[in-house]
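Dear colleague,

I am passing on the structure below, together with some notes on what was found in it. Please read them alongside the model.

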Amino acid sequence: MESPQIEMGTFKANGPQVQNGGLRSSMVQSWNLRRTIEGVLRSIRIVIFTSKLNLLLPFGPATIVLHFATKKHGLIFLFSMLGITPLAERLGYATEQLAVYTGSTVGGLLNATFGNATEMIIAIYALKNGMIRVVQQSLLGSILSNMLLVMGCAFFAGGIVNRNKDQVFSKATAVVNSGLLLMAVMGLMFPAVLHFTHSEVRQGASEVSLSRFSSCVMLVAYASYLYFQLRGRSNVYSQIGIEEMPNEDAAEEDEEAEIGMWESIIWLAMLTLWVSILSEYLVNAIEGASDSLNLPVAFISVILLPIVGNAAEHASAIMFAMKDKLDITLGVAIGSSTQISMFVIPFCVVVGWMMGQKMDLNFQLFETSTLFITVLVVAFMLQDGTANYLKGLMLILCYLIVAASFFVHVDPHSSGD
């Protein structure tokens, strides 16, 4: 009789423990699930609903609907441009958030990769379709837009707001960036000169071989400069794509990481995928949009496409200039131009090489001359280390001349690509 009582006692004693243990485990799981859901909702609220530019996000799905419902390439092109614009801005935001966790060295590489991710994705899709001239002209347009329009608007707005004093920036930063841009011009100029002087050893093949060699050299030069500024003279030269804040601002930035590291990585992956999808529709609609909108392909590639990738940079450069932080403005505007000329363009040549596409650095005489003159104008504007609204206005007017030039320019090679 005692044995069953003992067993019953054991059963009764253990019964509540099993129930309490299961209840406790269920509560922990429920709490973790609730915490995860709250984190996801908070991340969505920060990334999606804190930027007014995200009001343009519905144009992305509308592009896909238009593609299957109608063949109006002009509308598809415009809608895809509007849909990609907020995604480009959010890509920059996610990269900045991730750079808080990775530190300055990895942050520099992240900015080099994702800072111009939109331009790179559009260029790769165009390369895949054999539209080499669109790749060349869109990347050239990004450089011109950053150096003339973005920096011009920033100098003009900053000069108007701070017209009672001179705005100054680091001359060392301006000189080294101007030097890199002139090196990029040299890399683009020799294949064009070789082509137009008909002095190639092998017709058509020599300029491609020279372009591939020069691209590898330019990538080495850019990597060397990244290492130089991140490891060597970071106190003298501000980092390309990583805007250096004053110490108190830097401390605030470190404290204000709004989303987690893995959240940043997931958002980068999702945004890059969505940009890739819309870029395919954008590239496929370029030629149809040229016919329906009665605009030259060169004008669309050089003037309209860069608006997509530079919208966020345009806004942030103006904002920092109005706050009298011109070193950050230069990091955004001319730093982005340096990234494209020394990293993105050579990278596209190498990618084209892997794809079997004859992507080269021969941007033709008209485009190469435009870039060369632009770099000279900007270098002279930056040589004294000061900025005002007059310089900004001059840069904007120069951009209007460039835009008008491409509006009346007929690319003789566009039909071939």
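By class, which residues make up the lining of the largest cavity? Before the answer, please note that this is a predicted model, in which local features need pLDDT of at least 70 and side-chain atom pairs count only at pLDDT 80 or more, while totals for chains, interfaces and linings use all residues. Residues are numbered from 1 along each chain as its sequence is written, and side-chain values use heavy atoms, with hydrogens and water left out.

The lining has three nonpolar, two polar and one charged residues (Ala, Val, Leu, Ile, Met, Phe, Trp, Tyr, Cys and Pro count as nonpolar, Asp, Glu, Lys and Arg as charged, and the others, Gly among them, as polar). These lining residues are Glu119, Ile122, Ser138, Ser142, Leu305 and Pro306, where a cavity is a set of points on a 1 Å grid over the protein atoms alone at which a 1.4 Å probe fits but cannot get out, and lining residues have an atom within 4 Å of a point. The largest cavity holds about 50 Å³ of space, a volume being the space filled by probe spheres set on the points.

Elsewhere, helix H2 (residues 59-69) packs against helix H3 (residues 73-102) at an angle of about 160°, their axes lying 7 Å apart (helices are DSSP runs of H or I with at least four residues, numbered from the N terminus; axes are lines fitted to C-alpha atoms over the stretch in contact, and angles run from 0 to 180 degrees between N-to-C directions). H2 and H3 are therefore roughly antiparallel to each other, a term for angles over 145 degrees.

With kind regards

How values were computed. Helices (H or I, at least four residues) and strands (E, at least two) are DSSP runs, numbered from the N terminus. Angles under 35 degrees count as roughly parallel, over 145 as roughly antiparallel, 65 to 115 as roughly perpendicular and the rest as oblique. On a 1 Å grid over the protein atoms alone, a cavity is a set of points where a 1.4 Å probe fits but cannot get out, and a pocket is an open set with protein on both sides within 12 Å along at least five of seven lines; lining residues have an atom within 4 Å of a point.
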